[in-house]
Every structure is written in structure tokens, then in C-alpha cells.
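Here is a short briefing for a first look. Please have the sequence and the model at hand while you read.

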Amino acid sequence: MNAHPDPGVASGPVSGASPVAGLSGTDGAGTLAAETPGPYGALPAGLTGELPRDVRELFSRIHVVSIPMVMRFRGVDTRTAMLLRGPAGWAEFSPFEEYPPPEAARWFAAALERAYVPGPAGTVRDQVPVNATVPSCDPEEVPRVLARFPGCTTAKVKVAQAGVPLEADIARVAAVRRELGQDGVIRVDANGGWSLAEAKRALRRLAEFGLQYAEQPCAAVEDLAALRAELAEAGIGVPIAADESIRRAEDPMRVARLQAADYIVVKVQPLGGIAQARHIVAQTGLPAVVSSALDTSIGIAAGVELAALLPPGPDGEPLACGLGTVGLLRGDVADPSLRPSGGMLPVTRPDADDALLERYRADPGTAEAWLARAQACWELIRRTPGGEARGHDHAS
Ligand SMILES: O=C(O)CCC(=O)c1ccccc1C(=O)O
Ligand SMILES: [Mg+2]
């Protein structure tokens, strides 16, 4: 069966062209960027006037999939995602299970943009470099993990996971340095897991391996700023990148105002879409690394498009993106999958594959719950006037 095996998560009433009455398509991503974003980003141009109440009327196809993961990541071993088809193509809505509607609504806004805005348009490169992503694993597993990222010369290593001692993090980073050689580029990502004092101690040790940056070493923006100053003071050359302080913050501009980071990490879904992410990058003025939220190839493609629109890094070369993560999933919804080859990912707009949507189809209860979740997000977005300023938009 090609589509909609679950009657609760069925297609909208119209397939093919815009299912929304009065929806005349869009003028492309430029229009989105030009508008003042509302609390969930601007609605795609044309998605105004009579908006449907039922989320199912926005899309011609809606599918929910559950894909097992190769190894635990972020404490989960199954990734659930909703795939949506709109007039411009396939979109992904896959907020992490624990995110409530106000936060998940930004992810939904990103899916709306993707479903309604044709693209890619205006990209400055047709492929982007990606980093290998090394979960908080044993050092012996590092070669096997890196083998999933063929051609990648940059690796991002997860550190500071609860219950994992610093010595294990050091051993893992050492193993990555051995595998990549001296020309490889290494980043670490602590996901806010260190206190200020722990971060200073850990980075003093890890600096020995040569780090491009430490991503979100501490949770609080104030601690990132203090750490950055203290590391410089102590002559420890580890730049700081902000991730959660951008994507989960009410006010991502605080990172720039407090001079808390040298880089920002931007993700399409958590930030409410490509236009919204570009807006934040431009406002912070910091070099930006595009990363995934463990999306399927559909979401990854949006990340690649964002990365292909951004300026290069401090050395004039594009920064390696954390978009190689389809390899951490045991399956995918696109064929071929958007996995790095020669360390690169192409700018492309993949379609979801009917057989794969069927193979990974979530159980009916999960599909129902996700439809309700999408509906709750849509209700928040629908009821929010488009021009209202939001935290993301405050530059001063
Ligand atoms: O950046 C990467 O290499 C992969 C993506 C990644 O690490 C990630 C994936 C899902 C949720 C959070 C994060 C993170 O960067 O903290
Ligand atoms: Mg991170």
C-alpha cells in the first residue's frame, strides 16, 4: 500500500497542487527572510487569509515513521519522524518526544516552510562538507563509528555525558585523533554537561589534542562567556560554540551580546526554518555551523540547503556541517539516502519513498499522537499574528 495505511493519519483532501484554498504558492525563501518573523517565524508567503483549522488540510500526504538507531544517541534508540508533503515537496516534522507544543511549534514552522517554499534558491555552493559524529562510546568503537562517515576529515565527539568520567572522554578524543591523524579537525560537544569549573578542567586537558571548538560546554550563556574569558586568560586555545543557547533560547542574540561564543550551531527545525536560521546567523554575525537534529534525509536536505546559503568560516572555507547523521539511523525514508560521500553532501531535494515509508511506519497509537502534536503546533502558529515580534528577533 502506497499511502495512508492508518485512517487516522490520512492524506489531506487534495493531492498534488496546493490543498489550501486561496493559497497561491510562495515567492521563495527571500520573501520569508524579508518579513518580520512572528513567534514561530513568518508563515510562508501565501499561507495567509483563510487558514484551515485541521492540520491534515495543509498537506497532501502525512506519514509517521519510527526508525531504530545504530546506537543510543541523546538517550534514545528509536527516532520518530512525521513526513509531510506540500506543494513544494516533502518536509519533515520531528521534534524530540519530550518537547511541548510551544517549542515543537518552531519545528512545525520549519516543516511548513519546507512544504510550501520551493527551493533550493540562491545557494552559493552545490555541496557542503560534513563532520563525523561520534557518540559517547568506548574508544574501541571509534574506528567503527568513523567508518560510517566516509571521507570526513572533521569529527565531532560527544563528551560530558552524565555518568561518563572525564578520563573516558579523553580516551575517546585521543582515539579520534589517532584515527584522523594530525590534519584532522576535532570538535567536542558537551551538550551543556559541565559546570564552569568542570569545563575549564576538561578543556585544559582536551586542548592537548587540538580542538577546533568546544560546543556548549556549559548550559548557561553567562557560563559560556565566563569560560571563554577564562580560557583566553589562561592561554588555553579552545574556541567556544553555542548550540542549545541558540536553538532552545528565548533570545539567541544574548550569545552575541555577552560575547559568549566564537561560533554558533544552527539547526533548521529547532530554529523554525531556513529563513529564520539565516536571520539569526546574520544578526549574531558569528560563523555558523549547520547541524542536524537527527533527521531523516528529508530534514537533512533542508540543513544542506541552509549550509549552502551561508558564508564560509573564518579561514574562508565552508565549515563542516553536522549533517552526516543519517548514518546513525538504521533506516531512512529516502532512496538513495542522504549520506556523505567523500566527506560531502549534495544540495538536493529528495522525495520520500513509498516503500520506505511503509517499512518504517509507526504503530497507529504513535501516529495518532504525532498527528495530535502537529495539530497542537499548528493551532499555536495559526493563532499567532504573523508580524508580532519574538525573542529571536531582538537585536539589541
Ligand atoms: O552535529 C552533529 O554532528 C550531529 C548532530 C548532533 O550532535 C545533535 C543531534 C541531535 C540533537 C542534538 C545534537 C547536538 O548537536 O547537540
Ligand atoms: Mg550540540
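Leaving aside neighbours within four places in sequence, which residues is Lys267 in contact with? They are Arg247, Ser291, Ser292 and Ala293. Keep in mind that this is a predicted model.

**Annotated positions**

- The UniProt record, an unreviewed entry, lists Lys158 and Lys267 under "active site". Such annotations may be inferred rather than shown by experiment.
- Lys267 sits in the loop that runs between β10 (263-266) and α9 (268-271).
- Lys267 is buried, because 25 C-beta neighbours lie inside 10 Å and the cut-off for buried is 20 or more.
- Lys158 belongs to strand β6, which covers residues 154-158.
- Lys158 is also classed as buried, since 21 other C-beta atoms lie within 10 Å.
- Beyond its neighbours within four places in sequence, Lys158 is in contact with Val134, Pro135, Ser136 and Asp189.

**Tyr213**

- Tyr213 is found in strand β8, residues 213-215.
- Tyr213 counts as buried because it has 23 C-beta neighbours inside 10 Å.
- Its contacts, leaving aside neighbours within four places in sequence, are Arg187, Val238, Pro239, Ile240, Ala241, Asp262 and Tyr263.
- Where does Leu47 lie relative to Tyr213? From C-alpha to C-alpha, Leu47 and Tyr213 are 40 Å apart in space. In sequence, 166 residues separate Leu47 from Tyr213.

**The β1-β2-β3 sheet**

- An open sheet is formed by 3 strands, in the order β1-β2-β3. Their pairing is antiparallel.
- Strands of a sheet pair through backbone hydrogen bonds, in either a parallel or an antiparallel way.
- How many bridges join β2 to β3? Strand β2 (residues 76-86) is joined to β3 by 5 bridges, and the two run antiparallel.
- Met82 has Phe93 as its bridge partner in β3.

Terms used: Residues numbered from 1 in each chain as written. Chains lettered and ligands numbered in written order. Predicted model: local features only at pLDDT ≥ 70, side-chain atom pairs only at ≥ 80, totals over all residues. Helix = DSSP H or I, 4+ residues; strand = E, 2+ residues; numbered from the N terminus. Buried ≥ 20, exposed ≤ 12 C-beta atoms within 10 Å, placed from the backbone. Contact = placed C-beta atoms within 7 Å. Pairing = 2+ DSSP bridges.
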